[in-house]
Amino acid sequence: MNLPRPLRTAAAPALLTATALLALTACGSSEADSGSGAGGTVEIRIPDPGNSGVLALGKKDGSLDKALAKAGAKVRWTGSAGPFAPAAQAMNADQLDIATGSITSGITSLAQRPGFKFFTAVAPDAAGEGILVKNGSGIGSVADLVGKKVAVNQGGTGEYLLLKALAKAGIPAEKVERVYLRPDQTAAVFNAGKVDAWAVWATYAVAEIGSGKAQFVADGAAIGSDNYSLNAVRTGFAEQHPGVVKALYRYLHDASAKEKQDPAAYLNVFTDVGPTAVIGKAKEVQTAFTREGGTVDAIGPQDIERFEDVAGFYAEQKVTPDKVDVATHLLDIEKLK
């Protein structure tokens with residue numbers, strides 16, 4: 001899954017496949033692997049960041065390992081960044097130490113015996129997520145979605161955005177047909193006209209908007225989204241190596257602030273050609289979204305209140321059977337030593 005931004009993405013929890021999990025954990029193995037390496041150095045397993053974002057640049061220029069070295073650690077890049085659900089399973093299985101996901105995908109994963117905790121938050125993406133429609137579709141408002149088919153990733157950002165938009169507009173959820181698809185398979189369906197709209201986030205929206213053929217009928221701001229992006233750490237790793245987690249947080253916080261000021265420097269880190277490159281109008285769109293976006297910050301009391309609101313909304317909408325207690329699965333990064 002991507003990443004135009006540093007460790008920021010959302011997930012399709014109910015649509016996990018064995019292939020996705022194997023891809024994510026291909027280079028991971030057991031609890032012992034995240035212990036000490038040569039010379040007592042702690043290895044922290046993080047999904048490969050791809051071609052863009054803070055972690056991609058940190059991998060290329062060595063700045064991330066340099067920062068972690070001060071805490072006696074280094075990165076082992078494992079698999080590739082993708083949906084949060086398989087990443088959560090990998091952390092639960094002691095095969096991964098760090099992953100990223102939205103609070104929405106996080107809540108559905110927390111409902112299933114989690115072996116991880118969230119330790120950072122990025123404010124909801126008011127500009128880069130929303131309900132995407134084709135230009136000329138005749139859909140000019142959320143109300144126009146009644147009777148239409150909307151692609152969403154089940155239990156994650158897409159389903160949340162659609163349900164939140166409908167609730168705000170006073171439209172019963174059953175008036176719109178939800179089509180559950182993996183986000184990496186949805187573009188072809190959307191462009192073939194097999195769905196009328198796509199509830200989606202920047203990772204996938206950038207290319208569609210950049211093509212000049214699609215636009216948001218309602219973005220995160222219009223929807224009133226509380227869809228934070230979060231970083232998670234395997235609970236066992238945080239307990240054994242709190243100083244490493246704190247060092248990673250400081251790196252992500254500082255680097256995300258730099259990225260916000262100069263987004264272009266964090267795009268196409270390894271190559272400016274091929275399927276992972278962000279070029280043309282899409283590059284302009286991504287740059288604008290990043291400038292308007294948030295930074296990686298510690299989780300504060302106001303953030304927790306909004307997390308709980310999302311958990312309550314998910315229970316109300318029957319996405320989860322009960323309200324998930326998010327607060328018990330959070331780390332106060334400032335208290336780690």
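Predicted model: local features only at pLDDT ≥ 70, side-chain atom pairs only at ≥ 80, totals over all residues.
Side-chain values use heavy atoms, with hydrogens and water left out.

**The sheet**

Select strands E7, E6, E8, E5 and E9; in that order they form an open sheet of five strands with mixed pairing. Strands (E, at least two residues) and helices (H or I, at least four residues) are DSSP runs, numbered from the N terminus. Two strands pair if DSSP finds at least two bridges between them. E7 and strand E9 (214–219) are at the edges with a single partner strand each, so one side of each has no neighbour in the sheet. From one strand to the next, the twist averages 30° (axes are lines fitted to C-alpha atoms, for helices over the stretch in contact, and angles run from 0 to 180 degrees between N-to-C directions).

Next, show strand E6 (residues 149–152) beside E7: the two pair in the parallel sense over four bridges. Opposite valine 150 is arginine 178 in E7.

**From E7 to helix H6**

A salt bridge here is a side-chain nitrogen of Lys or Arg within 4 Å of a carboxyl oxygen of Asp or Glu. Glutamate 159 lies in helix H6 (residues 157–168) and arginine 178 in strand E7 (residues 177–180), so the pair ties together parts 19 residues apart in sequence. Are the two partners buried or exposed? Glutamate 159 is buried, at 3% relative accessible area, and arginine 178 is partly exposed, at 27%. Buried means under 20% relative accessible area, exposed over 50%, and partly exposed in between (1.4 Å probe, protein chains only).

**Other salt bridges**

Select aspartate 184 and arginine 182, a salt bridge whose closest N and O atoms are 2.7 Å apart. Aspartate 184 is partly exposed at 48% relative accessibility, and arginine 182 is partly exposed at 24%.

Move to helix H12 (residues 280–292), where glutamate 284 and lysine 281 are three residues apart, about one helical turn. Their salt bridge has its closest N and O atoms 3.6 Å apart. Lysine 281 is partly exposed, at 47% relative accessibility.

Finally, select Arg45, Asp94, Asp97 and Arg234, which are linked in a network of salt bridges. The whole structure has 10 salt bridges.

Notes
Residues numbered from 1 in each chain as written.
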